[in-house]
Amino acid sequence: MKKSALVSVVLALSLAVVAGCASQGGGSSAPAASDKGDKGGRSGQKPKVQVVLKTLSSPYWKYVEAGAKKAFQDLNVDGTVTGPASESQILEQVNMLEDALNKKPAALVVAPTQPSTAIPVLKKYKDKNIPVLLVDTDTADWADKTAFIGTDNATAGKKGGEYLASLLKSGDKVALIAGALGNPATDERIKGAKEALEAKGMKIAANQPADSDKAKAMSVMENILQNHPDLKGVFAANDDMAIGALRAAEAKGLKIPILGTDGTVESIESILADKLGGTVAQNPYEMGYKGVENAVKAIKGENVEKRIDSGVEVINKENAQKKLDFLKSLTK
């Protein structure tokens, strides 16, 4: 009886060891590692987020970059921000998107300069289940984006047009200076401003692109003034172009209200110096921060709103100092 009991105990222990090895050995019951790499936030590793902007050379995009980098820090993100030397380098941005895809990020935050050109590469991100969040510029023809965070550009243009019209009288000639052709953000601003100005009785004397560049805007403004010396006001789709137009007007000894869009430090300082007439300020810092913040949510599988409006504000001499103090605090 004793020998039989001992054999039974040994047999039971042997079966238990075999069962334990089977459960720990991996086999078909263990979850396979993803061939798309670690998404971050699930295994303790930092989520990898790539941010690709239109450029890093202008103050506006520097604020977007600052917001993104603050979010990297606050949310413990392995993040990178890149962008071409200028907004006109559309294909360079596409190449940057291709390069970033090869690095296998967990999410992409992008401000597409020309959405129609960028969509084919953005689809590659979607095919690899990488969330794509757009900032500043939307892609209306691509429904697979995770979210769009940015300004309602038509509203920004409308507010700028209304404010410019309030400084003039019905029948006055005004000029519109647009960004690069095909840039939806600046196109929408010009459309909104044009509608608002015409609704107030202004006459659109010229509507010309200047590629969001100061020097080009100055040249464009010189040509406009040559053909329309009785011009009474200007709306530009960004602040750099407004500054360029201002320089051309000053060279002619002309003092007229010129409005920009973006709310950069340079434009606000110009307003305080009684030069630029005003600017429609966006919230680029918030775009950058919220872009990364919502990218992390998407990586974790949390719900992300499809449209996140970052808002606009008309800046003039009355509120310029307060806005300037805020912007300068971002770079301290």
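Author: Start with a definition. A crossover is right-handed if, with the strands pointing away from the viewer, the path from the first strand over the helix to the second runs clockwise. Helices (H or I, at least four residues) and strands (E, at least two) are DSSP runs, numbered from the N terminus. This is a predicted model, in which local features need pLDDT of at least 70, side-chain atom pairs count only at pLDDT 80 or more, and totals for chains, interfaces and linings use all residues. Residues are numbered from 1 along each chain as its sequence is written, and side-chain values use heavy atoms, with hydrogens and water left out.

Reader: How do I read the pairing of E3 and E4, and over how many bridges?

Author: Two strands pair if DSSP finds at least two bridges between them. E3 and E4 have three, in the parallel sense. Val110 has Leu134 of E4 as its bridge partner.

Reader: Which way does strand E1 (residues 48-52) pair with E3?

Author: E1 and E3 are parallel too, over four bridges. Gln50 stands opposite Leu108 in E3.

Reader: Which way do the residues of strand E3 (residues 107-110) point?

Author: In a regular strand the side chains alternate between the two faces of the sheet. Here Ala107 and Val109 point one way, and Leu108 and Val110 point the other way. All four are buried. Buried means under 20% relative accessible area, exposed means over 50%, and partly exposed lies in between (1.4 Å probe, protein chains only).

Reader: Which residues cover the two sides of strand E8 (residues 233-236)?

Author: Gly233 and Phe235 lie on one side, Val234 and Ala236 on the other. All are buried, and both faces of the strand are covered.

Reader: Which strand pairs with E8 over four bridges?

Author: Strand E6 (residues 173-178) does, in the parallel sense. Ile177 has Ala236 in E8 as its bridge partner. E8 is also joined to E9 by two bridges, again parallel. In that pairing Val234 stands opposite Ile258. With H8 between them in the unit's name, E8, H8 and E9 make a right-handed β-α-β unit.

Reader: Which residues are closest to the centre of the largest cavity?

Author: Tyr60, Trp61, Glu87, Asn238 and Asp262, out of 17 lining residues. Helix H2 (59-74), helix H6 (184-199) and helix H8 (239-251) each give two or more residues to the lining.

Reader: How many lining residues are nonpolar, polar and charged?

Author: Four are nonpolar, six polar and seven charged. Ala, Val, Leu, Ile, Met, Phe, Trp, Tyr, Cys and Pro count as nonpolar, Asp, Glu, Lys and Arg as charged, and the others, Gly among them, as polar.

Reader: How many aromatic pairs does a search of the whole structure find?

Author: Rings of Phe, Tyr and Trp (its six-membered ring) pair if their centres lie within 6.5 Å; planes under 30 degrees apart count as stacked, over 60 as edge-to-face and the rest as tilted. The search finds one pair. The ring centres of Tyr60 and Trp61 are 4.9 Å apart and their planes stand at 90°, so the pair is edge-to-face. Both residues are buried.

Reader: Backbone next. What is the phi of Asp136?

Author: Positive, about 70°, although Asp136 is not a glycine. Asp136 sits in the loop between strand E4 (132-135) and strand E5 (147-150). Its relative accessible area is 2%, so Asp136 is buried. Asp274, not a glycine either, has a positive phi of about 65°. Its loop runs between helix H9 (265-272) and strand E10 (278-281). Asp274 has 45% relative accessibility, so it counts as partly exposed.

Reader: Where is Leu101?

Author: In helix H3 (residues 90-102). Its relative accessible area is 7%, so Leu101 is buried. Leu101 and Ile130 are 29 residues apart in sequence and 9.2 Å apart in space, C-alpha to C-alpha.

Key:
1 Å grid on protein atoms, 1.4 Å probe; cavity = no way out; pocket = protein on both sides within 12 Å on 5 of 7 lines; lining within 4 Å.
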